[in-house]
Amino acid sequence: MSREFSGEIDPITLEVINESFVAVVREMRANMVRTAYSSIIYEGHDFSCVLVDGEGELVAMAEDNPVHIFPVPMEVGEMLERFGGDIHPGDAFIHNDPYTGGTHLNDVAIISPLFHGERMVVYPVVRAHWGDVGGTTPGSISGKNTEILHDGIRIPILRIVEKGEINQGLLDLLLHNMRVPEERRGDFFAMLATCHTAHKRLEELAAKYDWGVILAAKDRLLARAEASMRRRILALPDGESTYEHFMDHDGHSLDPIRIRARVVKSGDELIVDFHGTDPQTKGAYNVGPAMAPSAAFSVIKAFLDPKGAINHGAFRPLDIRVEPGSLLSARYPASCAGSMEVSHAVVSALIGATARFASDVVTGDLKGTSNHVYIGGRDAQSGEPFLFYEFPAGGTGGFAESDGNNATRNFTEGDFASIQSVEVIEQGQPLKIRELSLRADSGGAGVHRGGLGLHRAVEVLAENALLSISSDKNVIPPFGVLGGRPGKPNRFVVARGGETLAPSGTPGKAAGFPLERGDVFVMETSGGGGFGDPYQREVESVLADVHAGYVTEDGAREDYAVITRGGVLDEEATRAHRQAARAKRRALTLVLKDEGAGGDSRRRCFMNRKTLAGRHLERGGLVELRGKWGVPLRAWMEEDDALPDNAVGLAADGVAILDAEENDGVYLSPVSV
Amino acid sequence: MSLVGIDTGGTFTDLVFYDENEKRIEVSKIPTLRGKEDAVFLEGLESIDLSAIRRITHGTTVGTNAILEGAGARTAVLTTRGFRDVLEIGRTQRLVPQSLFDPKFVRPKPVVPRELRLEIEERALADGGIEVPVDEAEVGQRAGELRELGVEALAICYLHAYANGENERRTAEYLEKLLPCVYLSLSHEVVPEYREFERFSTAALNACLGPRIKNYVGRLEGALGEKGCRAPLFIMTSNGGMLDAERAARFPVRTILSGPAGGVVGGVSVAESLGLDHLITYDMGGTSTDVCLIRDRRPVVSTENVIGAYPLKTSQLQINTVGAGGGSIAWRDEDGALHVGPRSAGARPGPACYGFGGGEPTVTDANVALSRIGPRTRLAGGLELHPEKAERALASLAGKLGIPDAVSMARGVVDLAVMRMVSSIREISIERGFDPREHTLLAYGGAGPLHAALIAGELSMTSIVVPRFPGNFSAVGLLMADAVQENAGTCFVALEDAQESALERIFENLTTPCAGQLRGAGLNEIETLRYADVRYVGQAFELTIPVPETKGWLKTLGGEFHARYEARYGHCHPGDPLEIVNLRVRVSGVVDKLGWVKVENTGGGLDDALVERRSVVFEEEVLDCPVYGRDSLPVDLEISGPAIIEEYGSNTLVPPGWTARRDPLGHLHLSASG
């Protein structure tokens, strides 16, 4: 099948080489599963494999975890910058530093260049989650970390293999700073062996086609993905759109964290600018410069070109800007242990900012966090230590064609099992699962309802145990779109006796809360945001939801103005109720008003006391104002009697987010927290 | 006496008849009629002396289709209070292909909708203790609700029922009286193993299929009886063994992979007849291709399976399916990329060359344009071919892609289809640590023998066997299967604490009912294989290790585990403690099978086998290529490629660089020279 390279690649050779690249990545994945030592890799599949070219551009990936993959070019760039000209056949590099392209310290990357003569051609990068990389707590991740030294050992780009020889001293140094070093050593060699497998396959491919053909094909594949993305961007109207998204808090104060994203579309290019995002936080909720671009790309790709090829070409039309020193490009010594939560928050910000350009694709918001939950302790009978770790999924957002999915990994995440088998847990750990069910009424109301979150109750049978949680959207719920309502927020509580206890004063972020025998730890995950006006939802659909128990009779009345009794619809009452509910909706007049210095990141809006009371709103309460493009601006209510009746005061940049003008009518609704 | 195999496929129902006295094998094909599979089954038997049949074995897709089309019975689930949503939540995975980055993915509906999932107060614990027994009065209430819901089938799915099935059994006893017409499926009977989502899902699927399959099998048996047929009816199951009709009706979920299993079992038989140990079976049909790895004459079996988006924890041959077959359509997407499949032209309109109006080129059209399928070749069903229509369709696609002509286009379409098959074989071999070069490629199905040498070449495999009757091979395999009953039990025990005598008792308890049922069906030659699922303490998954009958096996079990772990994962930890999780038995009732017998040597020379010579495209060259009739080929004569060997339902391509030989049993052997 050897064909001479004549400068032009025929479409068949192109597809065969494309398929070959994907086959190499798939074999790398199988190889990792077969050889890794830790179960989070061979069972949890928390690793990713990718091929890059000499410039570090992504050539091929499989259905991997996007958060792992998209930062790769930046760390390859770091390697080229630090070692360029001094990289040789047989070298391999190791890296996990968030500040220079890593994710969190647990994700360790091995870069293994492959040469053809003097030139680095197409070669593998493997990134895998190491169960522990040192730091303050077992497992290294804690929502209460305040500097990166708590997160574990930070590895700048280093040459770990030199011309085929492993730098034993360096490897020993790294492993001496981790818990369970033998397991880490096994994972390290599995990653190295996986890179060697990729080298072998790529060299076989080169023997068949020669590198000239392969590299030309690679260029064509990237160009094709680029053209596809550009064509889709070009089809959109020029313009810009800004959105701001609030994370709950940093685990230390209760002040929300603001992430601001501005998307500018002109011609066939998109700029995403995160200017205006808060400075790095005191807590663990920060990321290095690679994470926000990765998360932003996930949404843009999903909204504009979901089925197109995933390689670096699709990135080229995008210019994504993060400010050094902001929480999206944190500097030493900021902790990045909560990087996944930040990544999810960037996804929410981009859903909001991209809505204008993708009104037929936009979905209600997602769970906004990984929901890391750890319960650790000792079995009272055997004395053996145990560690329970889950990251339960929530509902996904409603969209134009359908309700969201109930308790499912969302479209920006790898497809991992986020909860374990009840019977497996009860066989091995001093825990008893009391309930696993869908959380009624948790899906954001809408024409298309958000998916439901789940409810999981875990009883502790050990004498005592410690509970840690790193989560977000426990205070500020996932938003609905185009008039859809928010989903219920994530919620983690402990039932002890007849009491309900909060495991910390900072909802969703707890470290080392002491659990006692008989305590029932209850996890409730968020519902997805709704899509469209809930009063427009087909009455039959609401009734079907009531029959299935997805929505309670109270929920049907409150959220949808649908009246049922004993599962039977009261048509007349429903008609009247819906009419009355619609009539109660009165727009407010938008008035420009400076916010003044609030001392925190909250967006504020203002009403006079009479208007507030008339609408049953409270000072300090969270509200949302519906913008022109269907995504809501979140703001905290303030009083200002200087404003006229039925007016809402908002600063100019807030008005711009709504894409509205002064004196426009605007709908405002409270968000229960 | 005779043996009869009937394999109901999507397009054709394949029949094989074996006269045991004359050692004569006959095969035929008739079109399948959806919804009237039983009528076609009986039509196939019309010319056969029913009173002289010893056994009928049936492969059926009735179950698979019912699940994939959501056409099962109205099924409810009764489960432990607090857990009605296990079936809907699963482990929260999307399980939708290509859903990453798709904001509009929709997870498939749960196998039973929420309003049909009822709860009851009961609880067993991990150690098998019953914390809360079922209350007869509450079962009575649920029975009333189920009656009102009008369900046809019910799956009883309780937590930890694998450890103690008493609550499920007692519930079933009460319900049998209260709801005598409802089909019951008990989770611990369907899958006596832990992991509730997989067990519940399998039990619910079993209930969904139950009324349909029970009815279908009952109709067949009734009709056969009326016609004076006394032969027992067996149904092929996913694990490569047969199940008697009565048990198939109780455990229909075990028949889901009934169709392709026949070919793999046939593959084992071919391996035995030829003295081969390792095979890769490659079955390429009209819409899809199935591949399976056979090591040491045993197909790889797995209990972690999925159908649609539903987990299925029955033991199944590990068959990898790709959506590419002879009818797969080649097309250009809006980014200019060329694809082959997964869309198929089906039987109507079919490939362009069928002349039924299909305008898009398929893999079959590409083979026609390359003259690898000749203009006078008759395909299954006696279709006449229209090569000019194939060329027109290919030329049109070539134009869109900037490819010079139809022949170059055709080469590309075949190359891409081959690439897909190669990938699927790599997945079951290289990616699981097996070198395909150690295996013989067993090629069958209508389109398999035509592409086998191309695939073998890409994988550096040097040996191919095209068995007799490649176009009906899955049906032939039905006559090679033993009756098999499997049983398993979860029993957690640390290896260091385990006692061989106690484990032997468990094995005996697992084996006895299976052997009893087989003997009851008149099968007296019983063979038992035993296995233990073993893992490192603290891990959540197991390896299945064969357990010999010889005394003292427990002492070597650990060593065997480490060796297998090392072979699969490249490392092992001999010092770490192990535990046994499940014990399994596979009990076979050995039956008389179709035997491969020597074919008659016609005595003629190669020239007598020559059908025609025609110009055929191989890679970049057009070569003058002889076409032979398979049944006239002199036995054991080696012929060199290029050549094409034709027969009923299939064509074998022998490219330059390959030789072909028809062996005394009639199988074709292709070898790469040099």
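Good morning, colleagues. Because the model is predicted, local features need pLDDT of at least 70 and side-chain atom pairs count only at pLDDT 80 or more, while totals for chains, interfaces and linings use all residues. Residues are numbered from 1 along each chain as its sequence is written, and chains are lettered from A and ligands numbered from 1 in the order in which they are written.

Let me begin with the domains of chain A. The chain is divided into domain 1 (11–226), domain 2 (367–537), domain 3 (538–583) and domain 4 (588–670); such bounds come from an automatic or database domain assignment. Between the C-alpha centres of domain 2 and domain 4 of chain A there are 32 Å.

I turn now to the strands of chain A. Helices (H or I, at least four residues) and strands (E, at least two) are DSSP runs, numbered from the N terminus. Two strands pair if DSSP finds at least two bridges between them. In general, strands of a sheet pair through backbone hydrogen bonds, either parallel or antiparallel.

In what order do the five strands of the open sheet in chain A stand? The order is S16-S17-S22-S19-S20, with antiparallel pairing. At the edges are strand S16 (431–438) and strand S20 (499–501) of chain A, each of which pairs on one side only. From one strand to the next, the twist averages 20 degrees. Seven bridges link S16(A) to strand S17 (residues 454–460) of chain A in the antiparallel sense, and A:Leu431 has A:Val460 of S17(A) opposite.

Further along chain A, strand S28 (residues 632–639) pairs in the parallel sense with strand S26 (residues 604–607) over four bridges. There, A:Cys605 has A:Met637 in S28(A) as its bridge partner. S28(A) also runs antiparallel to strand S27 (residues 622–626) of chain A, to which five bridges join S28(A); A:Glu624 stands opposite A:Arg634. S27(A) and S28(A) form a hairpin with five residues between them, and A:Gly630 in the turn has a positive phi of about 95 degrees.

Next comes the contact between the chains. Here 53 residues of chain B are in contact with 56 residues of chain A. On the chain B side, helix H3 (86–89), helix H7 (196–226), helix H12 (406–428) and helix H16 (553–569) each supply at least two residues, and H12(B) gives the most, with six. The chain B side divides into 24 nonpolar, twelve polar and 17 charged residues.

How do helix H1 (residues 11–35) of chain A and H12(B) cross? Their axes come within 10 Å and cross at roughly 5 degrees; axes are lines fitted to C-alpha atoms, for helices over the stretch in contact, and angles run from 0 to 180 degrees between N-to-C directions. H1(A) and H12(B) are therefore roughly parallel to each other, a term for angles under 35 degrees. Among the residues that meet are A:Glu15 and A:Val16 in H1(A), and B:Asp415 and B:Leu416 in H12(B). By class, this contact has five nonpolar, two polar and five charged residues.

I close within chain B, where helix H1 (residues 37–44) and H7(B) pack at an angle of about 30 degrees, with axes 10 Å apart. The contact is made by B:Asp38, B:Phe41 and B:Leu42 of H1(B) and B:Tyr216, B:Arg219, B:Leu220 and B:Ala223 of H7(B). Five of these residues are nonpolar, none is polar and two are charged.

Key:
Contact = placed C-beta atoms within 7 Å. Nonpolar A, V, L, I, M, F, W, Y, C, P; charged D, E, K, R; others polar. Parallel < 35°, antiparallel > 145°, perpendicular 65-115°, else oblique.
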